[in-house]
Amino acid sequence: PPVGAGFSVKPTQTVSTVGSPLTATWTAGTGRLPGDCVCLFPVGTDNGQSLACSLTKGHASGTATFEGRDTPGVYEVRYITRSYVNVAVSTPITLY
């Protein structure tokens, strides 16, 4: 299948408080590479501005938990392939 097919990233909650850990589940299908990652970003930033990343280790699905952020704002989680292609983006996560 083409890159992007079968990928998803879903936050466990879309509203949270500053300092609370952020968790997202992800799926990637089969045959993925160990260098893929799921990363946290402020909405509107490019792929070079991740705040934290979790390697997928070639698994077809999993959960990524990121340390709580100190700054209120709107964030998203992206599935980024080993070749730096953004193939899935979560719904926004608002921190108050």
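How many salt bridges does the structure hold? I looked, and there are two salt bridges (a side-chain nitrogen of Lys or Arg within 4 Å of a carboxyl oxygen of Asp or Glu).

Before going on, I noted that this is a predicted model, where local features need pLDDT of at least 70, side-chain atom pairs count only at pLDDT 80 or more, and totals for chains, interfaces and linings use all residues. Residues are numbered from 1 along each chain as its sequence is written, and side-chain values use heavy atoms, with hydrogens and water left out.

**Salt bridges.** I found Asp-36 bridged to Arg-32, with the closest N and O atoms 2.7 Å apart. Asp-36 counts as buried because its relative accessibility is 0%, while Arg-32, at 21%, counts as partly exposed (buried is under 20% relative accessible area, exposed over 50%, partly exposed in between, with a 1.4 Å probe and protein chains only). Then I checked Arg-78, which meets Glu-76 in a salt bridge at 2.8 Å, N to O. Both Arg-78 and Glu-76 are buried.

**Arg-78 again.** Its charged end also sits over the ring of Phe-41, 3.8 Å from the centre (NZ of Lys or CZ of Arg within 6 Å of the ring centre and within 35 degrees of the ring normal).

**The sheet.** I traced an open sheet of three strands in the order E1-E3-E6, paired antiparallel (strands are DSSP runs of E, at least two residues, numbered from the N terminus; two strands pair if DSSP finds at least two bridges between them). Its edge strands are E1 (8-11) and E6 (61-66), each pairing on one side only. E1 and E3 (residues 22-27) share four bridges, and Lys-10 stands opposite Thr-25 in E3.
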